[in-house]
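Reader: Hi! I have this one open on my screen, so please walk me through it.

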Amino acid sequence: MTDAVMTEMQSSNQTRRERAANASEAVRRGLKKRYAAEARFRAYGIGAVGIALACIVVLFTTIISSGLPAFTETTITLNVELKQEDIDPEGTRDASTLINANYRKLVFDTLRAEFPDVTKRRDKRALTAILSSGAAYQVQQAVVEDPSLIGQTVTFELPVSADFDLYEKGVINKKTAEADRRVSDQQMAWFDTLEERGLIETGFNTTFFTHADSREPELAGILGATMGSLFTMLVTLALSFPIGVCAAVYLEEFAPKNRLTQIIEVNINNLAAVPSIVFGLLGLAVFINFFGLPRSAPLVGGMVLALMTLPTIIIASRAALKAVPPSIREAALGLGASRMQVVTHHVLPLAMPGILTGTIIGMAQALGETAPLLMIGMVAFIVDIPGGITDPATVLPVQVYLWADSPERAFVARTSAAIMILLTFLIFMNALAVVLRKKFERRW
Amino acid sequence: MGEVNMNNAVEVTAPVASSDAARETKFHTRGVQVFYGEKQALFDVDLDIYENEVTALIGPSGCGKSTYLRTLNRMNDTIDICRVKGAIELDGTDIYSGSIDVVHLRARVGMVFQKPNPFPKSIYENIAYGPRIHGIATSKDDIDRIVEESLIKASLWEEVKDRLDEPGTGLSGGQQQRLCIARAIAVQPEVILMDEPCSALDPIATARIEELIDELRDNFTIVIVTHSMQQAARVSQRTAFFHLGDLVEVGETGKIFTTPQDQRTQDYITGRFG
């Protein structure tokens with residue numbers, strides 16, 4: 001090696017060292033800035049999570065605090081004398097006589113008897129306003145069910161009207177000017193007297209869980225809407241699950257990969273983004289107007305929601321099927337299983353947790369859906385609890401909408417209570433999806 | 001390098017060993033070409049596979065040895081763009097002609113894959129599955145017997161006989177691969193194809209599988225793809241060397257490794273490429 005080369009190498013070593021030192025210096029100078037950026041990013045993240053959590057907390061506290069009063073109801077205890085001459089003067093015990101008797105008068109008279117000094121017609125009417133219009137109905141029910149009660153004095157716990165329920169709960173109080181509230185000072189005094197006599201009681205609101213909708217807030221319940229939702233969901237599940245899974249299996253396992261299947265795939269994804277009210281219009285035009293299916297029925301509601309849920313289920317199912325490792329398919333094929341056997345014995349069972357999760361999420365979406373159901377008449381005021389999928393019905397979110405729209409003040413609490421019940425179902429369904437996923441998760 | 005080299009397959013005229021006199025051709029393949037879309041992966045492969053022998057397919061990555069193996073039980077059918085040309089006969093019947101159903105073919109020609117792939121089910125169910133779908137056994141007793149026999153043949157019985165209900169995926173890698181071999185045996189195939197069965201295993205597990213392959217030779221015809229030339233030398237009677245989609249050379253394993261006829265074989269086994 002010549003000296004010249006040696007020197008050159010030495011000098012190049014020199015420059016290399018210098019360059020390394022420079023690079024190291026550059027890294028060191030930048031470090032502080034990099035860490036600062038990371039710290040800032042973390043702060044933003046924590047802030048975002050905090051805002052989201054705060055929103056949820058506010059939402060839940062508002063709903064729960066305004067909904068809780070709906071879970072109690074105020075009743076008045078009255079000893080009603082079921083006199084023979086008032087109900088069934090001829091003693092026939094004929095059903096129509098029993099139904100048509102004037103129970104209103106009976107109940108009103110009993111209440112008036114508590115205040116013998118109230119004589120003026122107007123005062124009398126103001127006094128009986130304490131009672132709910134459902135009170136007479138409750139007495140009627142009892143008598144029709146058991147005619148032997150006639151001639152006895154029976155103790156009833158009758159609902160008070162919504163305004164007095166709110167007075168009892170302190171929502172209506174004397175702070176408001178008398179002209180601005182629906183309960184007069186006189187009525188308040190009577191009510192207080194009744195309370196002093198121990199006739200007023202507050203208990204768990206069973207009416208809310210056993211009745212359907214009503215014009216009278218104290219008689220309105222959530223059961224009708226719950227049953228409506230249940231029937232609708234059953235129809236939706238029965239339609240969308242098999243159709244969705246079949247479509248996904250065909251597209252994923254059997255269909256050739258060509259332009260046509262690509263177009264189908266794109267369209268399914270597009271379908272998931274179609275506004276739900278469009279599905280409602282479609283249901284109105286096709287199912288009700290063309291096929292003549294009953295309006296306001298869970299059958300049609302379920303069909304419309306099934307259309308809406310299908311893309312969700314298909315997309316989730318395809319993702320779940322894709323996630324099954326090809327080695328499992330190869331193993332089964334290599335043993336001589338037919339393609340159908342590969343799918344039914346191996347791929348589908350392994351994909352099932354994912355498919356179920358997708359289905360439940362789709363169903364939860366459908367449960368909370370309002371707009372398409374408005375289109376097909378499930379927004380009607382229905383006082384009967386539906387007994388099947390062709391009975392007129394409404395569903396929980398529509399019930400929330402209807403109550404939120406009602407002017408009576410007592411519906412405010414009921415709206416929140418209905419939201420709580422809807423949210424309970426949704427949380428339950430999402431929890432179920434998580435549990436299923438955890439339980440059937442497999443490693444391979 | 002897409003040239004078709006038909007004349008490069010040199011059949012080594014080995015001195016006929018005593019056992020070779022009775023050997024019969026199981027697979028008779030002539031002019032096998034495989035295409036993946038436009039790309040040709042195999043060029044006119046002529047290869048015979050003899051009964052009750054282990055035939056090893058060796059060659060560098062991408063040379064087409066796995067592709068060839070997968071034509072033998074039509075596993076290539078599952079790939080949409082894959083086309084196969086040429087004659088592939090199993091006991092004189094062309095397996096691509098339609099005279100034999102693919103499900104039936106795969107019952108006769110079992111397969112063991114590179115990565116152990118037991119079903120995520122119990123050990124028992126893994127083995128019982130094949131016989132059950134083919135209707136080989138229906139009664140519980142018959143299936144019990146097949147499970148036990150298959151596990152014994154795969155020399156796994158002693159290790160798992162007390163825990164047949166445990167998931168097959170909970171076994172060690174080597175045990176899983178033997179379970180897959182037992183699963184293939186349970187269908188009572190005539191041929192077992194093995195696609196690099198030891199590449200995911202440690203040396204000890206590999207040794208056990210190799211022993212097992214040697215034992216299975218008495219009852220089955222075995223075709224094994226391997227990257228390890230030592231393995232080919234240890235387990236096989238005949239070796240076929242593939243290169244870039246051509247079958248370069250095929251012959252007695254001993255001959256291939258000691259006196260290869262083709263320069264490329266020479267280069268490969270001495271480690272110059274691959």
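Author: Let's begin with a pair: Asp195(B) in chain B stands opposite Val225(B), which belongs to E9(B). This is a predicted model, where local features need pLDDT of at least 70 and side-chain atom pairs 80 or more, while totals for chains, interfaces and linings use all residues. Residues are numbered from 1 along each chain as written, with chains lettered from A and ligands numbered from 1 in written order.

Reader: Thanks! How many bridges pair E8(B) and E9(B), and in which sense?

Author: Five, in the parallel sense, with E9(B) covering residues 221-225. Strands are DSSP runs of at least two residues, helices (H or I) of at least four, and strands pair at two bridges or more.

Reader: And how many bridges join E7(B) to E8(B)?

Author: Four, and those two strands also run parallel. Met111(B) has Leu193(B) in E8(B) as its bridge partner.

Reader: Is E8(B) covered on one side or on both faces?

Author: Both faces. Val191(B), Leu193(B) and Asp195(B) lie on one side, with Ile192(B) and Met194(B) on the other, and all are buried (20 or more other C-beta atoms within 10 Å). So five of five residues in E8(B), 191-195, are buried.

Reader: Switching topic: how many residues does the contact take from chain B and chain A?

Author: Chain B gives 21 residues and chain A gives 18, counting C-beta atoms within 7 Å.

Reader: Which elements of chain B give two or more residues there?

Author: Helix H2 (102-108), strand E7 (109-112) and helix H3 (123-134) of chain B. H3(B) has the largest share of that side, four residues.

Terms used:
Contact = placed C-beta atoms within 7 Å. Buried ≥ 20, exposed ≤ 12 C-beta atoms within 10 Å, placed from the backbone.
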